[in-house]
Amino acid sequence: MALLQISEPGQSTAPHEHRLAVGIDLGTTNSLVATVRSGTAETLADEQGHHTLPSIVHYLPDGGCKVGHEARSAATEDPQNTIVSVKRMMGRGLDDIRATGHKLPYEFVQTDSAVPRIKTAAGEFSAVEISADILKVLKQRAEASLGGELKGVVITVPAYFDDAQRQSTKDAATLAGLNVMRLLNEPTAAAVAYGLDHGAEGIHVIYDLGGGTFDVSILRLHKGVFEVLATAGDSALGGDDLDKAVVDWIMQQAGIADDVGHHQMRRLMRDANTAKEALTESDSTEITLELDDGTHWQGNLTREQFNELVDPLIKKTLAPCRRTIRDAGITLDEISEVVMVGGSTRVPRVREKVGEFFNTQPLVDIDPDKVVAIGAGIQADILAGNKPDDELLLLDVLPLSLGLETMGGLMEKVINRNTPIPVSRAQDFTTFKDGQTAMAIHVIQGERELIDDNRSLARFELRGIPAMVAGAARIRVTYQVDADGLLSVSAREETSGVESSIQVKPSYGLTDEEITDMLKASMSHAQEDVDARGLREKQVEADRVLEAINSAVAEDGAALLSDAERSVIDAAISKLKQTREGTDSRAIKQAIDELDKATADYAERRMDASINKAMAGHKIEEFEN
Amino acid sequence: MGITLTEPAAQHIRAYLENRGKGIGLRLGVKTSGCSGMAYVLEFADELNEEDQVFEDHGIKVIVDPKSMIYLDGTELDFGKEGLNEGFQFNNPNVKDACGCGESFTV
């Protein structure tokens, strides 16, 4: 017997054509799936009643795998075959993963491919395949709960996820047999869950303190459109750190030495976690623990003491908050709502401090662990077409600027960071040398002036440019970023119409730490960058001048120059060549000026010669009009 | 005769209506489609049409248009679970034959 849901008026579907859609929060620690049933958004539970699925996959020697709670215990027993926090590896190269400093017990397979693969008992798997295994379990749960095949899903990703990470997430979904209707930024999903999209225009802050990561995002709702104004965070700060603060306190109080064993440490972490959770409800809690020597220690931790322990950590989250406000170019009193996301925002002190900082009562009504999935579920319901009068277009912003390499290894920004997507921008470039018939386009991501300090995303070539003098060709380069944050670049020579393009699917992308580092570096190296740019520009100018004078001398130097004049020019040329190799941009400028001076007469003579040549056989009168 | 609701069905409808924040009740109906001829309509109701019949059970208004009433008279709306799946079920005495899944039927 079919089980039916209540539709919106006029939206009943024909039998077997239900537009079943779910939202998936594919988290670092836990994943959830949510849907809208009979107009109510809710997360879906498994047979045991668990809503959260630990994002853990345990690969077995028989080629199969276990996902979630079943896999969790294996993480300590069989760490090599139990993959945790696979999200941190999505869209990353092996170097990226190692650079994050997280110690991973996995054995990576040596391959030429840029996509790292982990060797497990069941075979070798990439992060995309491992994520797909998690998604498959959620898909099964959703289809069992909704009684049919899913039409589509919305998957949430952190706002700072780059191209490669988004593409990997999509690939994982495809591999799991899911049709991704859209990737949605996590903060945007949280705002949707609270129905902020139905409210008045305004600026909202999403404060997301999870188990191991912290993110803060500022969204602006404008004409029914969500725009992410700015994001910041700390990828190594979360509830685990709050627990660790309590552990340190217990160890100090109980006189436990720092070199405590792994086993004892795990027990301490568990006790600390229990104490933390107890203090959400009550003003004090008893902690009893058995020491290694068999004796017991008993202590009392009050809410006040706990607050003191965690205050420095909460303060650490407020610095990124301040930064996003500055990045977004807003003031505190422009903020309408603050949405709390992540289990750690259950801690009363966190709510209090965040409320104080933003001077507003944060929204906490929806379970902070489920709020992102619920928002994704609501969005999936809309995208599947179950709500006719509610077309919502959600916008995100670019986390880092996109540009290309110009002469001298300089970064030319085409789309600036924090530009809302989807976006398309074009810029015109030209050729550097006479008769240049091809142009290499190097796509770069980052904020620094020199390309070496930024991230290379892709390279491609525009060939078949008709031979012209330097600077005559008009090459229009267009950057397009779609609603999912994926970039495509095309180049077209306007006079001839030759075209070339590339879909940027970098083999791996940037880590959020790297993004943060790159942003920081761009600020702290601002002066250096300006100087470097000045130098490179002078060097490029020197090359251009040298190129021009060399080709002129080769053409008519012998006819127009005396030996004496020739040696003066040669001296100026070699001086410019020499200073060009140095780092003194003023000296280069001077050498260019000197060469200019040395060649002034010659240039005049060339001009005369070319005019004579052009006028030869014509009468003066012909030129008078 | 008329339309009735079981206690679990009434509870869920009440919660859904409350969550939705608007609506005067629940609209039941049938439309021609599906693999066995007729299909059920189950929607929130925001307005009442002139010919509509209204039944009240467990404090919830159930609204049916007269054409559908011919096929629905005597129906009890229930809420059930099958494994993880849950939803509303029509216990309709008029049904002679239903398709395998029970989503569409003939009278």
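**Figure 1. A salt bridge joins B:Arg20 and A:Glu8.** The closest N and O atoms of the pair are 2.8 Å apart. A salt bridge here is a side-chain nitrogen of Lys or Arg within 4 Å of a carboxyl oxygen of Asp or Glu. Chain A and chain B have two salt bridges between them. The model is predicted, so local features need pLDDT of at least 70 and side-chain atom pairs pLDDT 80 or more, while totals for chains, interfaces and linings use all residues. Residues are numbered from 1 along each chain as its sequence is written, chains are lettered from A and ligands numbered from 1 in the order in which they are written, and side-chain values use heavy atoms, without hydrogens and water.

**Figure 2. Chain A meets chain B.** The contact (heavy atoms within 4.5 Å) takes 30 residues from chain A and 31 residues from chain B. The two chains bury about 2,600 Å² between them, with 56% of it on carbon and sulfur atoms. Buried area is the accessible area (1.4 Å probe) that two parts lose on being put together, summed over both. Eight residue pairs, both at pLDDT 80 or more, are in polar contact across this interface. A polar contact is a pair of N or O atoms within 3.5 Å; within protein, one must be able to donate a hydrogen and the other to accept it, and residues adjacent in sequence count only if both atoms are side-chain atoms.

**Figure 3. The side of chain A that touches chain B.** Strand E3 (40-43) and helix H4 (127-146) of chain A each supply at least two residues of this side. H4(A) gives the largest share, four residues. Helices (H or I, at least four residues) and strands (E, at least two) are DSSP runs, numbered from the N terminus.

**Figure 4. A:Ser38 in its loop.** This residue lies between strand E2 (30-37) and E3 of chain A. A:Ser38 is not a glycine, yet has a positive phi of about 50°. A:Ser38 is buried, at a relative accessible area of 2%. Buried means under 20% relative accessible area, exposed over 50%, and partly exposed in between (1.4 Å probe, protein chains only). Buried residues make up 50% of the 625 residues in chain A.

**Figure 5. A:Ser85 in its loop.** The loop runs between strand E7 (82-84) and helix H3 (94-99) of chain A. A:Ser85 has a positive phi of about 50° and is not a glycine. A:Ser85 is partly exposed, with a relative accessible area of 24%.
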